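Have the sequence and the 3D view ready.

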Amino acid sequence: MPALSVQNLRKLYGNQVAVDDVSLNVEVGQIYGLLGPNGAGKTTTLRCIATLTVPDAGAIAVCGATEARTIRQNLGYIAQEVSLDKVLTGRELLELQAALYHMPAKTIKPRINEVLELLQLNEYADKLTGTYSGGLKKRLDLAAGLLHQPKVLILDEPTVGLDIQTRLTIWNFLRQLKSQGITVLITSHYLEEIDALAERVAIIDRGKVIAEGTPSDLKAQLGGDRLTIKIKEFAEYSEAEQALNQLKNLAFVTSGLINNAQGNAINLVISPDPAAVGEIQSSLNAANIPIFSLSQSKPSLDDVFLSATGQTIQDVEIALSEIAPTKKRR
Ligand SMILES: Nc1ncnc2c1ncn2[C@@H]1O[C@H](COP(=O)(O)OP(=O)(O)OP(=O)(O)O)[C@@H](O)[C@H]1O
Ligand SMILES: [Mg+2]
């Protein structure tokens with residue numbers, strides 16, 4: 001039995017589809033990543049799993065439980081936005097959380113001490129949360145989510161806005177939970193975060209899963225290195241197309257597309273052959289096509305997103321921030 005199963009989840013806000021058709025299976029003790037750009041439907045999916053939002057269709061089971069009350073017992077949910085009550089101390093906030101979960105009175109004090117210890121919050125426990133730094137707030141948030149000893153922990157962008165040191169601390173903490181058999185579902189739009197942490201990943205875009213698997217399999221499926229060529233800083237589409245047509249004929253080039261959001265740059269997948277880049281350059285030279293810039297890299301999860309959607313996650317987010325501050329893209 002999977003720790004978490006989501007089947008054909010669908011959620012609308014008015015007539016806007018937030019989650020279209022999402023299915024996920026997370027095995028016990030796995031760290032599973034949900035990756036996607038702003039507005040992809042990550043938070044909505046997590047809120048449905050946490051029984052905070054009622055889906056329009058689909059089925060959810062957490063450790064086999066399908067009833068909201070039991071799901072909540074099995075689940076810890078760490079929300080995207082931390083909104084701690086500033087007039088409480090860390091310890092008081094945990095006491096409140098314990099009451100919300102109807103924890104047996106006798107167990108509360110020792111368990112609070114345990115999670116404070118676990119997240120190294122002892123020296124801050126009796127200070128007002130209003131005085132906490134971002135990293136401390138997140139740690140307290142994690143302590144609260146873990147207080148009732150859930151089997152599955154779901155975290156919505158747990159490291160957003162945190163410095164790199166605190167991010168690494170949280171990554172290590174999640175790995176530690178995994179080693180204790182706790183299942184972790186984490187959302188992020190940081191590719192490196194998912195790549196470093198998750199054993200399996202579902203990439204979602206506009207409410208749909210567009211790729212699923214282990215990060216290394218997904219990258220391997222792209223079959224080669226990435227080469228981004230700009231013939232000019234901002235090329236006309238027709239110019240880029242002409243260059244792409246020239247390059248597509250080369251044996252080293254597996255596939256290619258033109259990335260409008262990057263000034264009509266040409267994104268190629270090439271075989272990882274040392275001669276490939278030289279051949280590509282000569283071919284463009286021979287056709288009198290200029291090269292403004294050229295960069296080669298190993299495929300990343302962003303390339304998986306790119307090959308499925310024709311855009312990078314960053315492009316989507318830049319475009320969204322230009323359209324409107326209220327991230328809408330449907
Ligand atoms: N309460 C709501 N009412 C109306 N629309 C909503 C509501 N919550 C989310 N949406 C819309 O549903 C879509 C999915 O939003 P969601 O917050 O799930 O995305 P996300 O992947 O978590 O994005 P982000 O990376 O920005 O957190 C978006 O288009 C968003 O505007
Ligand atoms: Mg979100």
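## Helices side by side

The axes of H3 and helix H5 (residues 134-146) come within 9 Å of each other, and they cross at roughly 25 degrees. Angles under 35 degrees count as roughly parallel, so H3 and H5 are roughly parallel to each other. Their crossing is right-handed. On the H3 side, the contact is made by Gly 90, Leu 93, Leu 94 and Gln 97, while H5 brings Leu 140, Ala 143 and Ala 144. Sort the residues of the contact of H3 with H5 by class and you get five nonpolar, two polar and no charged. Keep in mind as you look around that this is a predicted model.

Now turn to another partner of H3. Helix H3 (residues 90-100) also packs with helix H4 (residues 105-118), at an angle of about 125 degrees and with the axes 10 Å apart. That angle makes H3 oblique to H4. The crossing of H3 and H4 is right-handed. Which residues meet here? From H3 they are Arg 91, Leu 94, Glu 95 and Ala 98, and from H4 they are Ile 108, Ile 112 and Val 115. The contact of H3 with H4 has five nonpolar residues, no polar ones and two charged ones.

Further along the chain there's one more pair to look at. Helix H9 (residues 237-248) packs with helix H10 (residues 276-286) at an angle of about 125 degrees, and their axes are 10 Å apart. H9 and H10 are therefore oblique to each other. H9 passes H10 in a right-handed crossing. In this contact, H9 uses Ala 243, Gln 246 and Leu 247, and H10 uses Ile 280, Ser 283 and Leu 284. Four residues of the contact of H9 with H10 are nonpolar, two are polar and none is charged.

Here are the pairs in one place:

| Helix pair | Angle between axes | Distance between axes |
|---|---|---|
| H3 and H5 | roughly 25 degrees | within 9 Å |
| H3 and H4 | about 125 degrees | 10 Å |
| H9 and H10 | about 125 degrees | 10 Å |

## Around the ligand

## Zooming out

Step back and look at the whole chain.

Terms used: Residues numbered from 1 in each chain as written. Chains lettered and ligands numbered in written order. Predicted model: local features only at pLDDT ≥ 70, side-chain atom pairs only at ≥ 80, totals over all residues. Axes fitted to C-alpha atoms, helices over the stretch in contact; angles between N-to-C directions. Helix = DSSP H or I, 4+ residues; strand = E, 2+ residues; numbered from the N terminus. Parallel < 35°, antiparallel > 145°, perpendicular 65-115°, else oblique. Left-handed = near helix turned anticlockwise from the far one by under 90°. Contact = placed C-beta atoms within 7 Å. Nonpolar A, V, L, I, M, F, W, Y, C, P; charged D, E, K, R; others polar.
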